[in-house]
Amino acid sequence: MASVVISDVRKSYGSLGVIHGLNVDVEDGEFVILVGPSGCGKSTLLRMVAGLEEITGGEILIGGKVVNEIAPKNRNIAMVFQNYALYPHMTVAKNMEFALRLAGVARAQRNARVRRAADILGLTPLLDRYPRQLSGGQRQRVAMGRAIVRAPQVFLFDEPLSNLDAKLRIQMRAEIKSLHQRLRATMIYVTHDQIEAMTMADKIVVMNAGKIEQIGSPLELYDRPINLFVAGFIGSPSMNFVEGQIEGGDFVTGATRWPIPGRVEHNNEAVIYGIRPEHIALRPGRLQLKIDLLEPTGSETQVYGSIEGIPLAGVFRERISARSGECLSIEPEVTHVHLFDKRTGRRLDTQSA
Ligand code: ADP
Ligand code: MG
C-alpha cells in the first residue's frame, strides 16, 4: 500500500484552467472521498493520479515517488469507473484475470488471485457465468474484482455506484467500506453523492470549480463547515440560510429575532444564519413556521414552509397533524446554529458566554 500526495496540482485544457492548484495528502490505507458539484474537476484530478491525464503543473507522489512522468500501467493503481464495461463474451473468472494475463502472470498465480478476490467479494458461485447472467450489483462487484486481483497500491473509484438503484447503492456502499477494512488499501473515491461521502470516508475533500473548499472528517465538515458552500453542500436536506444581522446578542431579520450561541463580535454586521432542518425543535417560542408542505416518511416528518416570508425546512421525529397553511411554533437548537459573514461567506466564530 502507499500514500498519495497531490501537491499544487494544476490542469488546463489549452487556455482553459480547470484545476487551480490543489493540495491533498492521502495517507497509507486512508479512504479519501472527493465530492463537489458536476464539472468541478473530480474526475480530472482522479485521472491525473491514474496517469490518464497529463499534469499541467505541480506534482503527484505515490508511495513517496513522483509519478508525473510514469505511465499508468507502472503506477501500481487500479481504477473502477461508473461504466464498468465487462467483456460480454468472457466469464466472470476470465474478466477478472484478463489484466493479469496481459501482464504475463502465470496461470497458477492468476487462478489463486482470482479465487481470493472472488472469495472476498462473494463471487465464487458466479465465476463461470457471463456478464449478461448477472444483476447490476453483481457486475459492479466483478468490476471491483478486476481491480482487486491486481493487488494495486492504490484504488481509484470514479462514481462507481451512480448507475445502480438506490437500494443496491446502499448495499454496495457497505461492501466497499468493508472491502477497504479487509484490504487496508489506500482508496480515493469520487462521488457527487454527499451521503456516500459522509458514510464511507475517513476524510472528505470538498471541491468547487477546480479548487478545494475544505478538507476534513465527515463530522468535522458537518459540525463546522468553513464557509457557506460547504455548509450548503454537506447535509441532506440542506442547511437553511437566513440573511440578517446581529443586534444585541440576537440574530435579527425583519421583525423576528433568532437565538445565537454565546457572544458574537459582529454587532450590526450583515450575516447569514445557518440552521440544519434536523436542528429545529418543535417548541412553543417566538418563531412561527407557516407550513407549505408536510411530508411524513414514517420515521420522521419533513416540513417545508416559511417564517415571515423566509423559506425554511424542518425535519422532526414527531408525527405532525397540522396542515398546509397552518403554523408550527419552532425554535432553532442554539448549539447547532452556524453564522457566516455575508460578504465573504466565511464562518464566523462565536464565543460561549
Ligand atoms: P467532474 O468529474 O467533477 O464532474 P470533470 O473533471 O469531468 O468534472 O471536468 C472538470 C472540467 O474540465 C469541466 O468543466 C469539463 O468540462 C472540463 N473538461 C474535462 N475534460 C475535458 C477535455 N478533455 N477538454 C476540455 N475540457 C475538459
Ligand atoms: Mg466526473
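## Where strands 9 and 10 meet

In this predicted model, asparagine 208 sits opposite lysine 211 of strand 10. Strand 9 takes in residues 203-208, and five bridges tie strand 9 to strand 10 in an antiparallel run. (Strands are DSSP runs of E with at least two residues, helices are H or I runs of at least four, and both are numbered from the N terminus.)

Two strands pair here if DSSP finds at least two bridges between them.

Another open sheet has four strands in the order 17-16-15-18, and the pairing is antiparallel. Its edges are strand 17 (310-316) and strand 18 (327-332), each with a single partner strand, so one side of each goes without a neighbour. From one strand to the next, the twist averages 50°.

Look inside this sheet and you'll find strand 15 (residues 280-296) running antiparallel to strand 16 (residues 301-307), with six bridges joining them. Proline 296 has threonine 301 of strand 16 as its bridge partner.

## Some loops to look at

Most non-glycine residues have a negative phi, and most peptide bonds are trans. Where is arginine 184 found? Look in the loop between helix 5 (166-183) and strand 8 (186-190). Arginine 184 isn't a glycine, yet its phi is positive, at about 50°.

Then there's the peptide bond from serine 236 to proline 237: that bond is cis, with omega near -5°. Proline 237 lies in the loop linking helix 8 (228-233) and strand 11 (240-247). Aspartate 28 is in a loop too, between strand 2 (16-26) and strand 3 (31-35).

## Reading the numbers

Residues count from 1 along each chain as its sequence is written, while chains are lettered from A and ligands numbered from 1 in written order. Local features need pLDDT of at least 70, side-chain atom pairs need 80 or more, and totals for chains, interfaces and linings use all residues; side-chain values use heavy atoms, without hydrogens and water.

How values were computed: Axes are lines fitted to C-alpha atoms, for helices over the stretch in contact, and angles run from 0 to 180 degrees between N-to-C directions.
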